[in-house]
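Me: I would like to learn how to read a few local features in a model of this kind. Could we take them one at a time, with the general idea before the case?

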Amino acid sequence: MSTEITTDVVVIGAGPCGLFAAFELGLLDIKSHFIDILDRPGGQCAELYPEKPIYDIPAFPVVTGQQLTDNLMAQIAPFSPEFHFSRMVNSLEKLPDGSFRLTTDADEIFHAKVVVIAAGGGSFQPKRPPVAEIEQYENKSVFYAVRKMDDFRDQDVVIVGGGDSALDWTLNLQPIVRSLTLVHRRDAFKAAPASVNKMKELVMEGKIQFMLGQIAKLDGKDGQIDHVHLTTDAGDLSVPATRLLPFFGLTMKLGPVADWGLELNDNTIVVDTENFETSVPGIFAIGDINHYPGKLKLILSGFHEAALMAQAAKKIISPDERVVFQYTTSSTKLQKKLGVA
Amino acid sequence: MKIHVTDQAGENHELEGLEGWRVMEVIRDWGLNIKAECGGALSCATCHVYVDGEWMDRVGAPSDEEEDMLDSVGDVKSNSRLSCQILMNEELDGLRVTLAPSAAKD
């Protein structure tokens with residue numbers, strides 16, 4: 001049975017700009033729910049460069065992606081935004097009364113008066129290796145994640161990659177598979193040393209195979225692979241395989257957003273710079289995902305966009321309410337909302 | 001200074017490269033088919049190029065961190081580099097690179 005949630009605003013994307021939107025919306029007494037495909041807040045900052053320094057956030061000479069995320073989460077805590085992680089918005093429908101109905105791949109239905117798309121470069125999705133016709137095998141015999149270990153029981157499994165995912169699943173699946181071949185382009189791994197050592201022990205014991213090389217071609221039919229062809233320094237090889245697990249990390253794709261009838265420019269959403277509303281009234285887009293003349297893809301631009309968006313959202317959510325602009329430094333009312341007065 | 005870029009379709013482009021710019025930035029700003037998702041943070045490998053053989057020495061070797069990122073694409077060759085890690089300077093005037101399939105936008 002579907003879960004139904006009714007709120008003022010649904011924010012799609014919990015990266016820095018989306019998170020700051022919760023602050024600006026909260027100051028205006030607007031309740032927000034967040035939906036993100038990742039399993040935690042921070043978006044690109046947390047996923048791609050959690051430990052890398054950012055130097056162009058105002059008042060922070062240097063801050064890491066994770067620190068920025070943590071600070072934003074602390075800043076918005078007084079407004080108690082609700083988060084729905086590890087799910088993707090599948091559909092967005094405008095209802096006759098002007099509100100929106102969103103559904104997610106976790107079988108949830110959200111009803112909101114306003115939708116804010118703060119999805120950065122789009123939704124994170126697994127990187128597909130550049131192998132011809134791999135799509136026809138996906139989710140049948142080629143998988144980018146292990147959902148059910150039993151799908152791999154007694155199978156001939158090929159795992160490609162040298163990171164933690166590749167090594168972890170090599171170790172976890174080895175006891176239940178018929179055969180397992182780990183393929184990586186070099187003999188150095190970006191994974192926990194203990195996992196690498198354990199993998200090497202399994203190779204020495206003859207329980208798994210390790211191949212230096214890259215995946216070149218797949219053989220099979222009706223979605224079922226039977227061989228994986230590899231390019232190696234020693235020449236081309238063919239490995240019997242009934243399951244392939246490529247672990248090449250994540251990339252960003254616009255995803256279902258492209259089908260929502262919004263005016264697009266390349267892979268970005270066209271907005272009005274007065275309020276960052278899209279071509280569909282009530283749907284806003286802030287941060288890297290929007291497009292307007294002079295757009296700079298900077299976090300600080302997204303913060304500014306969030307503030308203007310919130311003012312416009314307030315007019316949609318509470319059309320009869322007169323909003324007086326206030327500063328947090330001087331407004332006792334705002335300070336009470338923040339829990340500091 | 002110039003850089004010569006062959007795109008994924010085999011078309012050649014002569015681009016104006018500016019001293020101190022990353023090769024990725026030059027390719028991206030000229031509108032070629034390069035995703036450059038992370039903007040130069042060495043976090044994505046979507047600015048992957050093949051450096052022409054005669055330029056390999058002048059471009060230098062990738063760092064360990066760059067090698068780690070190259071693990072996340074499946075079309076690595078011995079002359080693979082991430083173009084965000086190549087800084088334009090006088091010595092690279094005339095550099096020739098080819099965009100890797102994995103650098104393409106969606």
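**Cavities, salt bridges and backbone angles**

Reply: The largest cavity is lined by A:Val160, A:Gly161, A:Val183, A:His184, A:Arg185, A:Gly213, A:Gln214, A:Ile215, A:Phe248, B:Asp71, B:Val73 and B:Gly74. This is a predicted model, in which local features need pLDDT of at least 70 and side-chain atom pairs count only at pLDDT 80 or more, while totals for chains, interfaces and linings use all residues. Residues are numbered from 1 along each chain as its sequence is written, chains are lettered from A and ligands numbered from 1 in the order in which they are written, and side-chain values use heavy atoms, with hydrogens and water left out.

Me: How many cavities of 30 Å³ or more does the structure hold, and what is the volume of the largest cavity?

Reply: Rolling a probe the size of a water molecule over the atoms shows where empty space is left. Here a cavity is a set of points, on a 1 Å grid over the protein atoms alone, where a 1.4 Å probe fits but cannot get out, and lining residues have an atom within 4 Å of a point. The structure holds 2 cavities of 30 Å³ or more, and the largest has a volume of about 70 Å³, a volume being the space filled by probe spheres set on the points. Strands S11 (179-184) and S13 (214-221) of chain A each supply at least two residues of its lining, where strands are DSSP runs of E of at least two residues and helices are runs of H or I of at least four, numbered from the N terminus.

Me: Which residues lie closest to the centre of the second largest cavity?

Reply: The second largest cavity contains about 40 Å³ of space. Of the 13 residues that line the second largest cavity, the closest to its centre are B:Cys38, B:Cys44, B:Ala45, B:Cys47 and B:Cys84.

Me: Which side chain does A:Arg185 meet in a salt bridge?

Reply: Side chains of opposite charge can pair when their charged atoms come close. A salt bridge is counted when a side-chain nitrogen of Lys or Arg is within 4 Å of a carboxyl oxygen of Asp or Glu. A:Arg185 meets B:Asp71 in this way, at 2.8 Å from N to O. The pair crosses between chains, from the loop between S11 and helix H5 (193-204) of chain A to the loop between helix H3 (64-70) and strand S4 (80-82) of chain B. A:Arg185 is partly exposed at 22% relative accessibility, whereas B:Asp71 is buried at 9%; buried means under 20% relative accessible area, exposed over 50%, and partly exposed in between, with a 1.4 Å probe and protein chains only. A network of salt bridges links A:Arg185, A:Arg186, B:Glu67, B:Asp68 and B:Asp71.

Me: How far from A:Glu277 is the nearest side chain of opposite charge?

Reply: A:Glu277 is buried yet has no salt bridge, and the nearest side chain of opposite charge, A:Lys94, is 6.9 Å away; Lys and Arg count as positive and Asp and Glu as negative, with His and the chain ends not counted. A:Glu277 lies in the loop between strand S19 (268-270) and strand S20 (283-285) of chain A.

Me: Where is A:Phe276 placed, and what is its phi?

Reply: Most residues other than glycine have a negative phi. A:Phe276, in the loop between S19 and S20 of chain A, has a positive phi near 65°, and A:Phe276 is buried at 1% relative accessibility.

Methods. On a 1 Å grid over the protein atoms alone, a cavity is a set of points where a 1.4 Å probe fits but cannot get out, and a pocket is an open set with protein on both sides within 12 Å along at least five of seven lines; lining residues have an atom within 4 Å of a point.
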